[in-house]
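Please look through the model with me and keep these notes beside it.

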Amino acid sequence: MIEYGDYMPHGMCLLWEPWLVILWAGSDLLIFLSYTAIPIALLTVLRKREDVPHAGLVTLFASFILLCGLTHLLGIVTLWFPIYPWVGWVKLATGLVSMTTAAVLFKLIPTLVNFPSPARMQEANQRLRDEIAAHERTLASLEKKVEERTRELTAANTTLAIQTREAVHRSGNLLSVVTSLAVQTAKGRQKTEEFLDIFVARLRALSSATRSIERKNEASISLGTVIDESLRVLEETYGERFAYAGPELVINPEAAQQISLAMHELATNSQKYSLSVSEAAHVEVSWSIESGKFDLSWREYGMPVLQSDDLLRPEGFGTKLLTRVIPTMLRGEASRTFEQGGLVYRLSVPLEAVIAEQDQGDSDRMAARIVDETFGIDPA
C-alpha cells in the first residue's frame with residue numbers, strides 16, 4: 001500500500017489563496033475535459049469508419065491524450081490530497097504511451113508524407129468525374145447508334161416483308177396468267193411449232209413489263225415505258241406509221257402486265273392484217289385520265305375495206321384476251337370494233353386499278369406486324 005500521509009497537499013504551496021486555487025483547479029479541469037473529449041471523438045471515428053488508414057496510430061494518440069488528461073485530473077486532487085505516488089505512476093504510463101506513439105509516428109513518416117494532399121485528392125476526383133462524364137457521353141452515343149441501327153433494321157425488315165408479299169402475289173398472278181395462256185393457245189393448234197411460236201411470243205410480251213420494273217428496282221413503272229417496251233419492234237419497223245401519246249402515268253405491276261399483253265395482241269394482229277398489207281395503214285395509241293377513269297385507245301387507219309369482213313371471223317383467244325380477260329383483271333371493260341375502215345380497241349378501267357399506290361395498305365400493316373412480333377417494337 002502506498003503511503004502519502006506524510007506529504008503536503010499542493011494547495012499549501014499555493015498558500016490556499018482562493019483565487020489561485022480556483023485558477024489552478026479550473027485550468028486542470030478544462031484540460032481534463034478536453035483531453036477526455038478528443039479521444040472519445042477519435043475512437044468514435046474509428047468505430048464508424050473501418051477504412052481509416054493506420055487505425056493503431058490513432059488509437060495510440062487517443063490513449064496518450066486520455067492519459068494526459070488523467071494527470072491533470074489527479075493534479076486537481078493533489079491540491080487537497082497529496083497522492084503524489086499515484087500521480088507518478090499515471091505519469092509513467094503516460095510517458096510510456098507517449099514514447100510508443102512517437103516511435104510509431106516516426107516510423108510512419110514516409111508513409112504519411114506520401115498521403116495525397118487535399119488539392120491532389122480534389123484534382124484526382126475531378127479527373128475521375130471527367131472520365132465518368134466521358135464514359136457517359138460514349139454510352140449515350142452508343143445507345144443513340146443502337147437506336148439508329150434498330151430503326152434501320154426495322155425499316156429494312158418492313159421493306160423486306162412488303163417485297164416478299166408483293167413477290168408472292170405477283171408470282172401467283174403471273175403463274176395463273178401463264179397457265180391460262182398455255183391452255184387457251186393450245187386449243188385448236190394441230191402443230192407443236194405453231195403453238196410454240198404463238199405461246200412464246202405471248203410470254204415475251206408478258207415478261208416485258210416485268211423486266212422493265214426489275215431494271216428500275218421499283219414496284220411501279222411509267223405507262224409510256226410499258227408501251228415503248230411492248231411496241232418497240234413495231235415502232236422501229238414502221239417508223240412514222242406508228243405513234244403513241246398520253247399523259248405521264250405511273251402504273252402498278254399487274255396493270256403493266258395486262259397492258260403489255262394487250263399491246264402484243266394488237267400489234268401482232270396489226271402486222272398481220274394491216275401494216276404489212278397496206279402502205280397507207282398506220283396505228284395510233286393514246287390514253288387519257290378523266291373523272292377517275294383510265295381510257296386506253298388503239299386505232300388503226302388506212303386498212304383496206306375488203307379486209308374488214310375477214311377480220312370479223314369467229315372469236316379466238318386473242319379477242320377473248322383483249323375484250324374479256326384483260327378488262328376483267330383490271331376491273332373494267334373493253335371493246336373491239338371497226339370504225340371508218342379501221343380497227344379500234346378501247347379499254348376503260350377505274351384509275352385505281354392501274355395507278356401505282358402511294359402506300360402499301362395491307363402490306364404495310366402486315367410488315368408492321370412482322371416487325372412487331374420479331375423485335376417487340378411498334379415501328380412508326
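1. Serine 291 sits in the loop between β4 (282–290) and β5 (293–301), where helices (H or I, at least four residues) and strands (E, at least two) are DSSP runs numbered from the N terminus. Its phi is near 55°, a positive value in a residue other than glycine. Most residues other than glycine have a negative phi. At 73% relative accessibility, serine 291 counts as exposed, a word used for values over 50%, while buried means under 20% and partly exposed lies in between (1.4 Å probe, protein chains only).

2. This is a predicted model, in which local features need pLDDT of at least 70 and side-chain atom pairs count only at pLDDT 80 or more, whereas totals for chains, interfaces and linings use all residues. Residues are numbered from 1 along each chain as its sequence is written, and side-chain values use heavy atoms, with hydrogens and water left out.

3. Leucine 15, in the loop between α1 (10–13) and α2 (18–48), has a positive phi of about 60° although it is not a glycine. Leucine 15 counts as exposed because its relative accessibility is 64%.

4. An open sheet with mixed pairing is formed by 5 strands in the order β2-β4-β5-β7-β6, and two strands pair if DSSP finds at least two bridges between them. β2 (242–245) and β6 (333–339) stand at the edges, each with a single partner strand, so one side of each has no neighbour in the sheet.

5. β6 and β7 (residues 342–350) run antiparallel and are joined by 7 bridges; arginine 336 has tyrosine 345 in β7 as its bridge partner.
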